[in-house]
Amino acid sequence: MPAMTMIEAIRDAHAVAMERDERVVVFGQDVGYFGGVFRCTQGLQQRFGSHRCFDTPISEAGIVGVAVGMAAYGMRPCVEIQFADYMYPAYDQIVSEAARLRHRSAGDFTAPLTIRMPTGGGIWGGQTHSQSPEALFTHVAGLKTVVVSNPYDAKGLLLAAIEDPDPVIFLEPKRVYNGPFDGHHDRPLVPWSTHPLGEVPDGYYSIELGTARVHRPGSDLTVLAYGTLVHVAQTAADEVGVDADIIDLRTLVPLDVDTIVESVVKTGRCLIVHEATLTSGFGAELSATVQERAFHHLEAPITRVCGWDTPYPHALEWSYFPGPERVGAAMLQMMGADAPSVTGRGR
Amino acid sequence: METDSADAPPGLRLRIPEPICRPGSSEPAGRYLSPAGEARRPALDEKVERIALMRKQLVRVLDDDGNAVGPWAGTATNDQLRAGLRDMLVVRALDARMLRAHRQGKISFYMQCLGEEAIACAQQRALRPGDMHFPTYRQQGLLVASGYPLVTMMNQLLSNDHDPLRGRQLPVMYSSRAHRFFSISGNLGTQYVQAVGWAMASALSGATDIASAWIGEGASAESDFHAALVFASTYQAPVILNVVNNQWAISTPEDFARGAAATFADRGFGFGIPALRVDGNDYLAVHAVSTWAAERARSNLGPTMIEWITLRVGAHSTSDDPSGYRPDDAGARFPLGDPIERLRQHLVLIGEWDDDRHRVLIEQIAGEIEHAFTEADSYGEAKAGATSDPRTMFDDVYEMMPRHLLEQRRQVGG
């Protein structure tokens, strides 16, 4: 089984999808000839031709609006927004159009499209190349929202997203494109080639949307995570010696509630981590879900460690980023150890 | 330092546009009037630079006496023109009856297209059955001219149990893939760029169907309009880009979207898209220019922008009262007249129509409308509680209902 980076796995998923289904077309800024600024579509135009993979004007509203029209026609567009931070001009087309077309037309028209976006921080990208806007999508009825954390999942989930009959937001944390970032920015990145999740099968396979993955089984506490923070949580658990049951949610909507509840019932503790700002973040939804369904099993308050409620900083990136120190301290605190308060809300 | 006021530069000022008339004043005579038959009919592949002036002129076929003149005349047969007259009369009668239904409290909302009937009706007849329209809420003429059942339109308006959209949309936000009428959003302008995408998909698929995008002059200020133009221009998509300039965006005059440009068709020219300005109250001109634009698109010659000059004679919607912002005689004084009357005059002039036939047709249509409404009304109305099962609101959010919606539906009952 070949070892791939997440970039290579995403590229491979595109190629497999385009090979299997001629309705699949791929476009976005710089995705054609050049193959994307992160190279996720490299080689597709050469292999499939410029009618299957092409560049677009710098117009997110245009990219998504055109994709909605193509999907309504019967194609399967898979488009790239160069950075999730740039998607706001397309938000009306995503929220008012793609998400609601099936419902408002009672199934007469549908919008089976995939919108890929590099997301998250950790790359010194400042406020316009680091945001994690997943909650802006999970709040919208009619969208499915995926956040990937590794090459194996990225390929299987992207193939599932492209095949899905409904619009899928596909978020790719760019900090883990080349390796499972452990949260320590001052240490060398471990490449995917040395990680089991960097093993990516050839050819077609898909991972059902709405299924979480137990990233690391444990018994002390549950960590609900997705994207980069799956790996950060594992680092934190290892460093503070907590036997964490780390759940990689993979799909936020639809959410794999059973896997979450099963874990919390087992451990009695639930830590929620995400890079996105705390207030009204997806962690709030997870927290509500856990207390609604596992309240009597909880032995400690549900705790969130998230990005601060500030714009994403440049120079102070590593003070903002919920790294292993903050996550590990929260774990210790939840286990009853004597640790300073480090969670999002002061106590 | 003290500055002598005589030497001080004047302070900066903005221009806040004022409409051509407001309550208490009147439309000045002669606006838009140019001789019928004057505009030339370019070859389909004429370079955009060579027809640049057509974005400033006005293509007109019918003259003041009802003669069809000039190079754009003759694209429709007399049978087609009679069908067009009927389409427009049906739309007008439907609008009138539905406004009455609104006053009767039967429907919650309505939008008429009084005075603009020719544009949608004629373009529908100029296109082919496989072509797809991406309309606004004032193109009911597309549905009528495509033979969409009146009773189905009324079911949608009543949001009753026979509404194909299951009561999910405001009245007039129709959708019919079978009749090539894209689901109306209600958010303005979004459909314009989607039409370009649909046209691109048709071309990528090697099909021969084209798309027709519709927008009002006011909504052309939205960014989706500009995104549509740049994509249509870049990929030379097979799409007709219609801008219906009916002068008013609720109370806001067209000047606010047009800015300092002379015409809306100027927008197309800036993108290298052939752009024409057409008398939208002239059924023959609408049919001719739509046919030309469709042929261009189908011949891989790319998009065409058409600014249709017309007037929204009625209120914006049943929630609007235009007497507060424009003169009551705006319709009567509009220089391009009434599209139905102008086509009727033409058909009579050439001996293809007469007053008796006109009167009989109007009576016949009134009967059809009444018959359809009696049937639709018998299915009930949402306002009187005749709605679908509440559980149906969870249908079609996704193709397969995910767990959280199944759970919520259970809370609604069932």
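Predicted model: local features only at pLDDT ≥ 70, side-chain atom pairs only at ≥ 80, totals over all residues.

Q: How far apart are the N and O atoms in the salt bridge of D279(B) and R342(B)?
A: 2.9 Å, N to O, between the two side chains. That pair links distant parts of the chain, with D279(B) in strand β6 and R342(B) in helix α11 of chain B, 63 residues apart.

Q: Which residue does D282(B) form a salt bridge with?
A: R342(B), and there the closest N and O atoms are 3.8 Å apart. D282(B) sits in the loop between β6 and α9 of chain B, 60 residues from R342(B). Both D282(B) and R342(B) are buried.

Q: OK, over to chain A. What about R269(A) and E299(A), how far apart is that salt bridge, N to O?
A: 3.4 Å. R269(A) is in the loop between α9 and β11 and E299(A) in the loop between α10 and β12, so the pair ties together parts 30 residues apart in sequence.

Q: And is R269(A) buried or exposed?
A: R269(A) counts as buried because its relative accessibility is 15%, under the 20% cut-off. E299(A), at 56%, is exposed.

Q: Switching topic: how many helices and strands in chain B?
A: 13 helices and seven strands. Its radius of gyration is 23 Å, close to the 22 Å from the globule rule for 414 residues, so chain B is as compact as a globular protein of that length.

Q: What share of chain B's residues count as buried?
A: 55% of the 414.

Conventions:
Residues numbered from 1 in each chain as written. Chains lettered and ligands numbered in written order. Heavy atoms only, no water. Helix = DSSP H or I, 4+ residues; strand = E, 2+ residues; numbered from the N terminus. Rg over C-alpha atoms; globule rule 2.2 N^0.38 Å. Buried < 20%, exposed > 50% of the residue type's maximum accessible area, 1.4 Å probe, protein only. Salt bridge = Lys/Arg side-chain N within 4 Å of Asp/Glu carboxyl O.
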